[in-house]
Amino acid sequence: MESLDQHIRFMRMAISLSEQNVKKALGGPFGAVIVKDGKVIAKSGNRVSLNNDPTAHAEISAIRIACKKLNTFDLSRCIIYTSCEPCPMCLSAIYWAHLDKIYYGNSKEDAAGIGFDDQFIYREIAKSHTKRAIQAEQLLQKEASGAFILWNESEIKTEY
């Protein structure tokens with residue numbers, strides 16, 4: 001179990017990554033570090049503009065690195081330190097990866113203050129599909145359900 005001093009050290013790593021990202025023009029001012037059993041497993045800054053990938057937030061990038069390094073999609077027993085409170089996408093990924101805890105520096109309100117405002121997304125999620133800014137329409141549900149039936153009946157599926 002990490003001590004307060006270790007938590008502070010790992011958070012400072014995430015903050016340092018966020019600052020380096022800005023200084024080296026690698027991406028937005030965000031950094032993330034994933035730790036397991038007191039050891040850094042993965043770290044990354046935001047890579048959205050560098051990789052032309054809108055999903056390459058620091059947290060997502062660090063999760064991808066950690067999963068590859070540990071050869072698993074389950075990051076139980078890991079902690080993420082991120083320079084800013086995770087956006088809706090990153091928060092979802094953190095839950096899907098089963099990380100145990102999140103430590104963050106800046107709040108989502110701090111991020112909104114410099115132009116990274118996710119309130120629109122939070123409001124959109126709460127709306128019905130027909131009321132969202134990006135239209136969503138169900139198509140070929142019966143055909144699509146075939147894969148779900150196969151999954152449900154499969155004896156070789158990997159639960160996650």
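Which elements cover the buried residues of α4? In this predicted model, with residues numbered from 1 along each chain as its sequence is written, local features need pLDDT of at least 70 and side-chain atom pairs count only at pLDDT 80 or more, whereas totals for chains, interfaces and linings use all residues. Side-chain values use heavy atoms, with hydrogens and water left out.

The cover of the buried residues of α4 includes α3, β3, β4 (101-106) and α6 (119-126). Helices (H or I, at least four residues) and strands (E, at least two) are DSSP runs numbered from the N terminus. Within α4, the residues Pro88, Cys90, Ala93 and Ile94 are buried; buried denotes under 20% relative accessible area, exposed over 50%, and partly exposed the range in between (1.4 Å probe, protein chains only).

In soluble globular proteins, nonpolar side chains tend to be buried together.

Contacts (heavy atoms within 4.5 Å) were examined for individual residues. With residues up to four places away in sequence not counted, isoleucine 80 touches Ala32, Val33, Ile34, Glu59, Ile94, Leu99, Lys101, Ile102 and Tyr103. Lysine 101, placed in strand β4, touches Cys78, Ile79 and Ile80 under the exclusion of residues up to four places away in sequence. Lysine 101 counts as partly exposed, because its relative accessibility is 41%. The C-alpha atoms of lysine 101 and serine 76 are separated by 9.4 Å, although these residues are 25 residues apart along the chain.

Strand β1 is largely enclosed by the rest of the structure, because 5 of its 6 residues are buried. Strand pairing requires that DSSP find at least two bridges between two strands. β1 and β2 run antiparallel and are joined by 6 bridges; in this pair, isoleucine 34 stands opposite alanine 42, and lysine 36 opposite lysine 39. The hairpin of β1 and β2 has 2 residues between the strands, and aspartate 37 takes a positive phi near 50° there. β1 also pairs with β3 in the antiparallel sense, over 5 bridges, with valine 35 opposite isoleucine 79. In a regular strand the side chains alternate between the two faces of the sheet.

The loop between α3 and β3 contains asparagine 71 and arginine 77. Asparagine 71, although not a glycine, has a positive phi of about 55°, and arginine 77, also not a glycine, has a positive phi of about 75°. Most residues other than glycine have a negative phi. Asparagine 71 counts as exposed, because its relative accessibility is 72%.

Serine 18 is located in helix α1 (residues 4-23). Serine 18 counts as buried, because its relative accessible area is 8%. With neighbours within four places in sequence left aside, serine 18 is in contact with Pro29, Phe30, Gly31 and Ser83.

On the surface, Phe73, Trp151 and Tyr160 form a nonpolar patch with about 400 Å² of accessible area together. Accessible areas come from the Shrake-Rupley method with a 1.4 Å probe, and for residues only the protein chains shown count as cover. Patches are made of residues with over 30% relative accessible area and no salt bridge, like charges being joined within 9 Å and nonpolar side chains (Val, Leu, Ile, Met, Phe, Trp, Tyr) within 5 Å; a salt bridge is a side-chain nitrogen of Lys or Arg within 4 Å of a carboxyl oxygen of Asp or Glu. Tryptophan 151 is found in helix α7 (residues 141-153) and is partly exposed, with a relative accessible area of 38%.
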